[in-house]
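Thanks for making the time this morning. I would like to walk through one structure with you, beginning with the chain as a whole and then turning to two residues. Please have the sequence and the coordinates open as I talk.

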Amino acid sequence: MASSAEEVLVLYGSQTGNSEAAAEQLSSLLPSKLSTSDNRTLTSRCMHLDDFLELEQAKWTRLVIIVCSSYGVGQAPIGARKFREVCDTILERFGYDDIANDGNKNKMLSGVNYALLGLGDSHYTTFFRNPTTFENALSTAGATRVGELGKADASGTGDMEQSKVIERWIDSIWKDLQPIVDKPMTEEEGLKLKKAHEQTWKLCLELYKEWKQTNYFALIGLFLPLGGNPPTLLPRCFHNAPNM
């Protein structure tokens, strides 16, 4: 499954903008920080975790980088609330035990590698609860964490000041990510990612039935006169329809 290009997604949820800024920095640095043994081009996109689920339909890349904070009493921040619900559902259904007895081989997210940088504030008892939930759910579902789990504390001081921890994590993570993208993706890896996409998207459609795709062509036909041309004005429901 050799390809001339490979994408790495950087996904985030952010309440105050700190996680978003770190995610954008990671995404912009990635093409220059990572290389491949076969001269494949590495590209990166940065988006909300919830947009990854809904708009990208949970199409996992071989490597994803996640940056997310806790908000309120351990809740997910803006752009990560549905991703949190998916993670909660995974843990409710499968607990913290192996989904299969053969390690990660046949699990839902087998083949997905992720790096995780979490932000929070130890002033609160729910410090780091949301990133911890992500970590537990992803690993339970068979994904493999790469590198150190980043913990950036808004109440940190001195060398542990949040911005300094974030910068150190970003500076050090590349050496852990490099082996993942160095060689072309194999056919087996591609099949695992296809399964991860299909099973995650299936779970999303169970939780968010409104995400099921609408056949806009069929609906528009309801407003066309027999043998006539499309009307100049369509009902409001088509204003945000996808390009056709």
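If we take the contacts in the protein chain between residues at least 6 apart in sequence, 78% of them join residues at least 24 apart. What we are looking at is a predicted model, and I will keep that in view throughout. The protein chain has 7 helices and 6 strands, and, read from the N terminus on, its elements run β-α-β-α-β-α-β-α-β-β-α-α-α. Of the 244 residues in the protein chain, 45% are buried, while the accessible surface comes to about 13,100 Å², with 50% of that area belonging to carbon and sulfur atoms.

A word on confidence before the details. The mean pLDDT of the protein chain is 87, and 82% of its residues reach 70 or more. Over residues 98-102, however, the pLDDT is below 50, and this stretch has 6 contacts in the model beyond near neighbours in sequence. The pLDDT also stays under 50 over residues 233-244, where the model has 13 contacts beyond four places in sequence.

Is Ser 44 buried or exposed? Its relative accessible area is 19%, and because the cut-off for buried is under 20%, Ser 44 counts as buried. Leaving aside residues up to four places away in sequence, Ser 44 touches Val 8, Val 10, Ser 27 and Leu 30. Two of these neighbours come back when we look at polar atoms: the side chain of Ser 44 makes a polar contact with the side chain of Ser 27 at 2.9 Å, and a polar atom of the Ser 44 side chain lies 3.0 Å from the backbone oxygen of Val 8.

The second residue is Ser 14, placed in the loop between strand S1 (5-13) and helix H1 (18-33). Ser 14 has 7% relative accessibility and therefore counts as buried. Which residues does Ser 14 touch, not counting those up to four places away in sequence? They are Ser 19, Glu 20, Pro 77 and Ile 78. Finally, Ser 14 and His 48 are 34 residues apart in sequence, and their C-alpha atoms are 8.4 Å apart in space.

Terms used
Residues are numbered from 1 along each chain as its sequence is written. This is a predicted model: local features need pLDDT of at least 70, side-chain atom pairs count only at pLDDT 80 or more; totals for chains, interfaces and linings use all residues. Side-chain values use heavy atoms; hydrogens and water are left out. pLDDT is the predictor's confidence in each residue, from 0 to 100. Contact means heavy atoms within 4.5 Å. Buried means under 20% relative accessible area, exposed over 50%, partly exposed in between (1.4 Å probe, protein chains only). A polar contact is a pair of N or O atoms within 3.5 Å; within protein, one must be able to donate a hydrogen and the other to accept it, and residues adjacent in sequence count only if both atoms are side-chain atoms. Helices (H or I, at least four residues) and strands (E, at least two) are DSSP runs, numbered from the N terminus. Accessible areas come from the Shrake-Rupley method with a 1.4 Å probe; for residues, only the protein chains shown count as cover.
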